[in-house]
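Here's a quick briefing on one model, meant to be read with the coordinates open. Have a look at the structure first, then go through the notes below.

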Amino acid sequence: RRVHGQALVDVAAEAGALPHALAVMRVLQALAQGQWPGESPLTQIPGLQSEDAIDLLVTRGIETLAQLHGAGEGTLRSALLDLGASKRAIDDAVAVAFRTLPVMTVTATAPARIV
């Protein structure tokens, strides 16, 4: 399936259809992550699949996994406790959020334009 998806990206890119190539890439990424485009990345954490859970974190200024990492384990524990989660469910969520998911820093630079 991945080969077919890459072929779609290649055909769109070859045709000069950048918006279509980017759309295919977003769909392929959503399929690989098991998550719809536009869905909160926080739903990858156990116990954060409901809108109420996401809304609670958003009110605390957390909308991304990077922000959750920056806020620390205590913030996630507190939010899940406020939602009535059990100690085991909270421990599971913290384990995924802070010990399982990789933390990465990515930088990119554009090459100098050759005239």
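Let's begin with T43, which sits in the loop between α2 (18–33) and α3; helices here are DSSP runs of H or I with at least four residues, strands are E runs of at least two, and both are numbered from the N terminus. Keep in mind that this is a predicted model, where local features need pLDDT of at least 70, side-chain atom pairs count only at pLDDT 80 or more, and totals for chains, interfaces and linings use all residues. Residues are numbered from 1 along each chain as its sequence is written, and side-chain values use heavy atoms, with hydrogens and water left out.

- T43 is buried, at a relative accessible area of 16% (buried is under 20%, exposed is over 50%, partly exposed is in between, using a 1.4 Å probe and protein chains only).
- Setting aside neighbours within four places in sequence, T43 is in contact with Q35, L48, Q49 and I54, where contact means heavy atoms within 4.5 Å.
- Q35 belongs to the loop between α2 and α3 and is buried too, with a relative accessible area of 7%.
- With neighbours within four places in sequence left out, the contacts of Q35 are A30, S40, P41, T43 and Q44.
- Q35 and A7 are 28 residues apart along the chain, and their C-alpha atoms are separated by 22 Å.
- Over in helix α2 you'll find L31, which is exposed, with a relative accessible area of 64%.
- From L31 to A110 it's 79 residues in sequence and 28 Å in space, C-alpha to C-alpha.

**Helix α3**

- Which residues of α3 (residues 51–59) are buried? They are A53, I54, L56 and L57.
- Just past the end of α3, G61 adopts a positive phi of about 80 degrees.

**Helix α5**

- In α5, the buried residues are L76, A79 and L80.
- Look down the axis of α5 and its buried residues fall within an arc of 95 degrees, so they line one face of the helix.
- On the other side of α5, L81 and D82 are exposed.
- What do the buried residues of α5 pack against? Their partners are α3, α4 and α6.
- T75 also lies in α5, and once neighbours within four places in sequence are set aside, T75 is in contact with R60 and I62.
- T75 and V94 are 19 residues apart in sequence, with 10.0 Å between them in space, C-alpha to C-alpha.
- Directly after α5 comes G84, with a positive phi of about 85 degrees.

**The nonpolar core**

- The largest nonpolar core has 17 residues, and those with the most contacts inside it are L42, I45, L48, L68 and L76; such a core is a set of buried Ala, Val, Leu, Ile, Met, Phe, Trp, Tyr and Cys residues joined through side-chain atoms within 4.5 Å.
- At least two residues of this core come from each of α3, α5 and α6 (87–100), and α6 supplies the largest share, five residues.
- Leaving out neighbours within four places in sequence, L68 is in contact with L42, I45, I62, L76, A97 and F98.

**The largest pocket**

- The largest pocket holds about 260 Å³ of space.
- For the method: on a 1 Å grid over the protein atoms alone, a pocket is an open set of points with protein on both sides within 12 Å along at least five of seven lines, a cavity is a set where a 1.4 Å probe fits but cannot get out, and lining residues have an atom within 4 Å of a point.
- Grid points are joined across faces, edges and corners, and the volume is the space filled by probe spheres set on the points.
- Ten residues line this largest pocket, with L65, A66, P102, V103 and M104 lying nearest its centre.
- Helix α4 (residues 65–71) gives the most to that lining, with three residues.
- The lining of the largest pocket splits into six nonpolar, four polar and no charged residues (Ala, Val, Leu, Ile, Met, Phe, Trp, Tyr, Cys and Pro count as nonpolar, Asp, Glu, Lys and Arg as charged, and the others, Gly among them, as polar).

Methods:
The arc is that of the directions from the helix axis to the C-beta atoms.
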